[in-house]
There are 4 protein chains.
Amino acid sequence: MRYTDGKVHDITIAYIGGGSRGWAWNLMTDLAKEESISGTVKLYDIDYDAARDNEIIGNSLSMRQDVKGKWLYKACETLEESLKGADFVIISILPGTFDEMESDVHAPEKYGIYQSVGDTVGPGGIVRALRTIPMFVDIANAIKEHCPNAWVINYTNPMTLCVRTLYEVFPQIKAFGCCHEVFGTQKLLSRALQDVEGINDVPREEIKINVLGINHFTWIDNARYKDIDLMHVYKQFVNKYYETGFISDANDNWMNNSFVSAERVKFDLFLRYGIIAAAGDRHLAEFVPGYWYLKDPETVREWMFGLTTVNWRKEDLKRRLERSKRLKIGEEKFELKETGEEGVRQIKALLGLGDLVTNVNIPNYGQIEGIPYGAVVETNALFSGNKLKPILSGKLPDNVNSLVLRQVYNQETTLKAALKKDYNLAFSAFVNDPLVAISLKDAKKLFNEMLENTKKYLDGWELKV
Amino acid sequence: MRYTDGKVHDITIAYIGGGSRGWAWNLMTDLAKEESISGTVKLYDIDYDAARDNEIIGNSLSMRQDVKGKWLYKACETLEESLKGADFVIISILPGTFDEMESDVHAPEKYGIYQSVGDTVGPGGIVRALRTIPMFVDIANAIKEHCPNAWVINYTNPMTLCVRTLYEVFPQIKAFGCCHEVFGTQKLLSRALQDVEGINDVPREEIKINVLGINHFTWIDNARYKDIDLMHVYKQFVNKYYETGFISDANDNWMNNSFVSAERVKFDLFLRYGIIAAAGDRHLAEFVPGYWYLKDPETVREWMFGLTTVNWRKEDLKRRLERSKRLKIGEEKFELKETGEEGVRQIKALLGLGDLVTNVNIPNYGQIEGIPYGAVVETNALFSGNKLKPILSGKLPDNVNSLVLRQVYNQETTLKAALKKDYNLAFSAFVNDPLVAISLKDAKKLFNEMLENTKKYLDGWELKV
Amino acid sequence: MRYTDGKVHDITIAYIGGGSRGWAWNLMTDLAKEESISGTVKLYDIDYDAARDNEIIGNSLSMRQDVKGKWLYKACETLEESLKGADFVIISILPGTFDEMESDVHAPEKYGIYQSVGDTVGPGGIVRALRTIPMFVDIANAIKEHCPNAWVINYTNPMTLCVRTLYEVFPQIKAFGCCHEVFGTQKLLSRALQDVEGINDVPREEIKINVLGINHFTWIDNARYKDIDLMHVYKQFVNKYYETGFISDANDNWMNNSFVSAERVKFDLFLRYGIIAAAGDRHLAEFVPGYWYLKDPETVREWMFGLTTVNWRKEDLKRRLERSKRLKIGEEKFELKETGEEGVRQIKALLGLGDLVTNVNIPNYGQIEGIPYGAVVETNALFSGNKLKPILSGKLPDNVNSLVLRQVYNQETTLKAALKKDYNLAFSAFVNDPLVAISLKDAKKLFNEMLENTKKYLDGWELKV
Amino acid sequence: MRYTDGKVHDITIAYIGGGSRGWAWNLMTDLAKEESISGTVKLYDIDYDAARDNEIIGNSLSMRQDVKGKWLYKACETLEESLKGADFVIISILPGTFDEMESDVHAPEKYGIYQSVGDTVGPGGIVRALRTIPMFVDIANAIKEHCPNAWVINYTNPMTLCVRTLYEVFPQIKAFGCCHEVFGTQKLLSRALQDVEGINDVPREEIKINVLGINHFTWIDNARYKDIDLMHVYKQFVNKYYETGFISDANDNWMNNSFVSAERVKFDLFLRYGIIAAAGDRHLAEFVPGYWYLKDPETVREWMFGLTTVNWRKEDLKRRLERSKRLKIGEEKFELKETGEEGVRQIKALLGLGDLVTNVNIPNYGQIEGIPYGAVVETNALFSGNKLKPILSGKLPDNVNSLVLRQVYNQETTLKAALKKDYNLAFSAFVNDPLVAISLKDAKKLFNEMLENTKKYLDGWELKV
Ligand SMILES: [Mg+2]
Ligand SMILES: [Mg+2]
Ligand SMILES: [Mg+2]
Ligand SMILES: [Mg+2]
């Protein structure tokens, strides 16, 4: 890297994954709009052609006159090749295919277990983790060997266990995980500010929050805009919309988009616990007992959120791949939309180009009280000159912490099970998941079936079938 | 107190409760058999006549020639009177009556929630706690005022919250809680030794164990008899009897006695977690999700344990009261049976008459890792010369700790709710209980009904009915 | 307070102290230069005339056309009056007079104990603390009563014990302590950058550091300017100047100014411990055994720093009071120099006008590992929208932590001694101070003499003379 | 091992060291008197002839009719041979020779540093540690390889660092360190009981104490005999004898025996700190600043204890070796005196032959609050059936903890220095030692000289001479 006039040149970014296009294009967009940094992006995906496509799309973007950030994109045939010399590593893989995910999400339905996402916790999240952890063991070992000083940004789910695995394998790694769910909650607070106080269009960055919890089950116990205490504002907002739900966009509501919700789960949690759950309702619902919000499709409808099917994901991927073709051959022009992601701002801050405070997922070194040291948690942190330092964020109320710890311990158990390939340990996590509210016998049948469906990624396991 | 020739005279014991007779008679029995200590037992019960009956029974026992331990029994009209000058305080009350307990245990059945005991956790345990905590606030305050240096032994359930309340109100209190469930598991290990190794009649005191957890959900992670590792012995024992259950006494098995079990729950937990759950199956089943062992009466039968009805308790009490009458007028002779309790041995050790190591319930000062400081936990402790020092007992495996912590946090929340008379807090504990595996709506209805049934003990609460 | 167009009006600041003018004028200066905030400054000093003088000086400053920040200054006759309605409280008092300080600093010289400052640790610092703590008990109680939600900024020494006392008396207080010693070290790093790398005039704010320790004995274990690791730069700098010392300003060197040094103590500590001590040498020397750098005036000269005499302070005060007179009657014009203080920037950040990361003194909530919770420590913290959140700063190397802990425990002991007015406790801190390297007998004589000299501030103590 | 009728046969004990005879003979004595255990003692010493002598002496003892405990003694030529198959390992070596110890103890006298023992802390203790740690690295590795499940008992000084090294190298080791200094304090309490209360001849085992601290700087904060609070008794005792000292035995007082003292140091510490220092005065004096009790020989005389010279040790060794010769050829009969050691009782308890509570040195797992985890501390522990569980012992008062922590951190630094062979680290520990109250320049000269004198044991170090 070279520094001149407040700019940094010759940065090397390794991008692992990207075959499903979405996140890779977001990165290209944000890099294209930023003039203070430049260098090379090395693309690696288990599907080399996908990486090649992105190489072509990225390079043609770099050649455009309206693009300020000039990067060279280069597809790599091996993980090692992409990592060598990297200053930053971005991990955004799909662990397995949507066929395995179909089993993760939908196999449990036979037993009355419904999942709105199925990639974080719940039976789907656990089995996905068992499949993903060995991949992250390999990635961590490769980083340790080829670029131990690189900063590593993970976008892959299950976020907590991906980051946790990186640190388990290579404790000195400089890794963190990023997710935009908290940003969405900041935007909701901005909407509440408009609705309750008539203050319009406050950007989410000006909503100052204290964040604590784990990814997709993160909480805000203090929120402020200038002199306004947003906890009070939110309370009024919740009371107003608890029954009807709050629908922020007429064209894009929870009934016809399985990704959005009317925030009723979030409101219900606020009324019970007094602090703000800071993730989408689809995620939140999966962290608490299944009989609360996910008992059956009817209950889900009452709480006004959607169950994202894997079929929808498959169709969506198809659309992206078609778009990829068009972009590649220049039939479609790459649009530089607002991505809402912070990766590039984080990179700049780590390069010393201005400090940044934002929420990230890293091991608990004491930033949260009441959660075991080493567990991966989500809080604010300060990015400043090659340092990432978490901000002390206090502790959750006991009744919320109890819900969080159940997942934290389950995640630790899942990690150990994956590393030891220990069926019993894994099953003990499975039956302790709040969505697995079925008999021990049924749980065993379901677990066996789900493992069977993903067994090609469970090398070395003794499956009990 | 006076010490002469290895004996201690003029000890004052305050006995709070005892109206239901059982525990009071156990104490009388153990005192009668011990010659090294003597003094006065001051009896207090909200039913003064009950205390008077015990006074008469106790004093006539003291006058018997075959009785070595001579004590003066004295009924007191007020709590204060009984506490003044006490060196030891024993608390063994029934919080409310069996009518409230009937609601605790059986009201949830309408919603498909079955409880085998209903006095510790579960909907019954939580509501019982809300009723009991104010009583223990009063007792703690009275001890603080009248006998702050006394040793306080609690036998009342919910054990954890009773002891926790005493320390919350009066942090300098010298209190601990005793329960014999762990002893029962030591006896089971002795039976396993006989069954597997052919070594007969090993007394439970020679089964050396490491104990950790919370009352009625305590665990043994290390057990030894001389050079024999009992963890291995127990494993063989479990494998042998997992399917059939182990029935220790032909005349008193789980089918016709709702207090005993065939240990299948304990065996199932061992197979999953690898360490020994050290309480009766009826208790253990209540600490884990209701759909595991308590889904319905049929499931309970499969796991071979009993649901103790409150009706049975009412009948049993009647029998004890009749016996009390006979004892009082001399129609029946008090028998000095083996009680299996340790209270008197603990008192002796605290008086400096020999050290004792046994399991007790006290706040966590670090004796268990992974459970918050201050939460009441059960581990071994050393009783020695006016000191009670817990023994460092290590930590539970993550998958077990998760189950334990869920209860620990629920108990802390219940305590705060009871002290603040906060309906919302209490409800948040209620819906987090593993037995309350029902919809949020039903949970609210049930909770309201149960509070209504015990409302005469909920002074100052705003009930939502 | 009112917010309009990014400005905040009607702020109330209570300024406690200021009789010695210096800090009060700094605040006036910084307020005068800042246009985004305005309101009232209520001045309280035990010398009411001093407060009146400042009122006059402040108000005439506010009337000047070149002054952007318009504030109303108002002297108050009582502490209560000044605190009522305060949004911010600034504490900058002289505890006692320079007569007591003369004893603090110079009485120990008879026993061969030399102090370069004498207001933080050492015999002088301890006795000053015993005198100051009761004053801070009063201030904390008054804040608790009159403005419990105000932010409280302390500048008084001994910093650690002043802040610690505020939290001991009123744990919910929103207080922090500020000191510019770390800024000085950032400036030294900037000079090193110039000297070693030829990069000139880097402002201290761009020197990114990780700060940890206690006030006046703070350490930097990571320093960076853009991509340059300043730990390496500093190492070369130290090697170059270790023997000769580094004299930054020809006109103002350590030989003719008892406030500056040639940094040799700092360099020596770096060579031994490998991390950077971040305070002036005069302060640092007092935290380590007296026989290292303060054995006698000759040793001090060898290490090239100065012993600040109280006589000098008395003369200096005289000069300031004369200047005060001239300013008051308009004979001299108030100059708006760069103060180098951050108080006003912190106030703005707490008001929500932009985030700020800087070093402050607050209780340890986990921001430093290896120092007891609750002890007041100095690390970076994030100021953001009515919140002050410490940044996790890691742990000191064992050999440095040992030196720090000796002071931390001594400070805790001094606090308890002052609160309980316990001579024995206080003496146990005194003899554990690294500067008190004399026999127990002499230590007692010296301690008694020093207490005697400050006894008018030791109400309720039983002195042993 | 075989268990029959409450006895254990075929035990294998490896005894490492013993060339200086004293401790080996104590073990032989205690084994000879105990009939419940038997087996083989494998003797290893770097001086094989010494081991052979002990073999002959031990076996002829075993053949005596009056000896109940029959053991076979067997000298081994290698460490490995002695460890193979061991159930217990006892380590009691002299690290280096008395020539190195002569430098440890007496070289510092040139700089006015006097040491009463010189084997634990102080310049002598640190240099001895640097020499000893590599030996314990070898022993730990050999145990890990040859008998990883053996219980390891260490008697070698510096106790803390020897045990700490064993755990550093082999964290799963089952090691603990034993020292009788606390027993001596129990005996002193028994004497106080006689002196103050007229109660004679109470055996030390009946003096119930709470013990906490580090070896040779251990403290008792609670002591009781039956209903008598010995803290009060001791207070009266101290007040009575503070000035004159307490001389327990007319023939063996501090003036003509450099091993005993008149307890004045202990009394002085009690008056200042309010708790009982539980080691001999010669040890205690070395843990606090040298200018307190060890300023010069005259000061030592005032405090009425002795400086043990290495010359005396050399003469004493000569006497033991002569006695060894006589014992070997039968010219002298081995006397079975009371040794006062507990090793054999500990071995019995670990074999399951009765529980034992006594003080030991093991890593801090939480048994002491306020001292870092992992540091080796001394508290009571429960020995019971192949388990050693520390007893939670609370925390030291801040002013005492400060003195203890200074040593704890110094020991950790010394350990790291020895493992890394890092001169700078070692020197930073050296100058932080409370006895090294000299200038940095002199400290360096002394340190270099002392390292030079022991350099044959400092393989791989770069000495700065
Ligand atoms: Mg996400
Ligand atoms: Mg019980
Ligand atoms: Mg300062
Ligand atoms: Mg010793």
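**Close-up views of a predicted model**

**View 1. Helix α9 of chain A.** Arg264(A), Val265(A), Lys266(A), Phe267(A), Asp268(A), Leu269(A), Phe270(A), Arg272(A) and Tyr273(A) are the buried residues of α9(A). The model shown here and in the other views is predicted. Helix α9 of chain A spans residues 264-273, and because 9 of its 10 residues are buried, the helix is largely enclosed by the rest of the structure. After α9(A) comes Gly274(A), which has a positive phi, near 80 degrees.

**View 2. The magnesium ion, ligand 2.** Two protein donors belong to this ion: the SG atom of Cys179(B) and the NE2 atom of His216(B), at 2.3 to 2.6 Å from the magnesium. The two residues are 37 residues apart and so the pair links distant parts of the chain. Cys179(B) sits in the loop between β7 (174-177) and α7 (181-197) of chain B, while His216(B) sits in the loop between β8 (208-214) and β9 (217-225) of chain B. Cys179(B) has a relative accessible area of 12%, under the 20% limit, and is therefore buried. His216(B) is also buried, its relative accessible area being 2%.

**View 3. The two domains of chain A.** In the domain assignment, domain 1 of chain A consists of 2-100 + 116-178, and domain 2 of 101-115 + 179-308 + 341-459. Their C-alpha centres are 23 Å apart. Across the boundary, 56 residues of domain 1 of chain A contact 65 residues of domain 2 of chain A. Between them the two domains bury about 5100 Å², and carbon and sulfur atoms give 67% of this area. On the side of domain 1 of chain A, the residues that lose the most area to domain 2 of chain A are Glu100(A), Ser116(A) and Pro123(A), which together make up 15% of what that side buries. The two domains of chain A have 3 salt bridges between them.

**View 4. A salt bridge in chain A.** The side chain of Lys348(A) meets that of Glu34(A) in a salt bridge, with an N to O distance of 3.3 Å.

**View 5. The interface between chain A and chain B.** Each chain is represented in this contact, with 33 residues from chain A and 33 residues from chain B. The area buried between chain A and chain B is about 2700 Å², with 54% of it on carbon and sulfur atoms. Tyr291(A), Tyr409(A) and Leu440(A) supply 25% of the area that chain A buries against chain B, more than any other three residues. There are 4 salt bridges between chain A and chain B. Lys416(A) pairs with Asp398(B) in a salt bridge, and their closest N and O atoms are 2.8 Å apart.

**View 6. Chain C and chain D.** Chain C is superposed on chain D by a rotation of 180 degrees, with 0.0 Å of shift along the axis and an RMSD of 0.0 Å. The two copies are thus related as by a two-fold rotation axis. Within chain C, Arg406(C) has the C-alpha nearest the axis, 3.5 Å from it. The same surface serves both copies, since 100% of the contact residues of chain C recur in chain D.

**View 7. Chain pairs without contact.** Chain B does not touch chain C, and the nearest C-alpha atoms of these two chains are 14 Å apart. Chain A and chain D do not touch either; 14 Å separates their nearest C-alpha atoms.

Key:
Residues are numbered from 1 along each chain as its sequence is written. Chains are lettered from A and ligands numbered from 1 in the order in which they are written. This is a predicted model: local features need pLDDT of at least 70, side-chain atom pairs count only at pLDDT 80 or more; totals for chains, interfaces and linings use all residues. Side-chain values use heavy atoms; hydrogens and water are left out. Buried means under 20% relative accessible area, exposed over 50%, partly exposed in between (1.4 Å probe, protein chains only). Helices (H or I, at least four residues) and strands (E, at least two) are DSSP runs, numbered from the N terminus. Copies are superposed by least squares on the C-alpha atoms of residues with pLDDT of at least 70 in both. Contact means heavy atoms within 4.5 Å. Donors are N, O and S atoms within 2.8 Å of the metal (3.2 Å for Na, K and Ca); water is not among the atoms, so sites may look incomplete. Domain bounds come from an automatic or database domain assignment. Buried area is the accessible area (1.4 Å probe) that two parts lose on being put together, summed over both.
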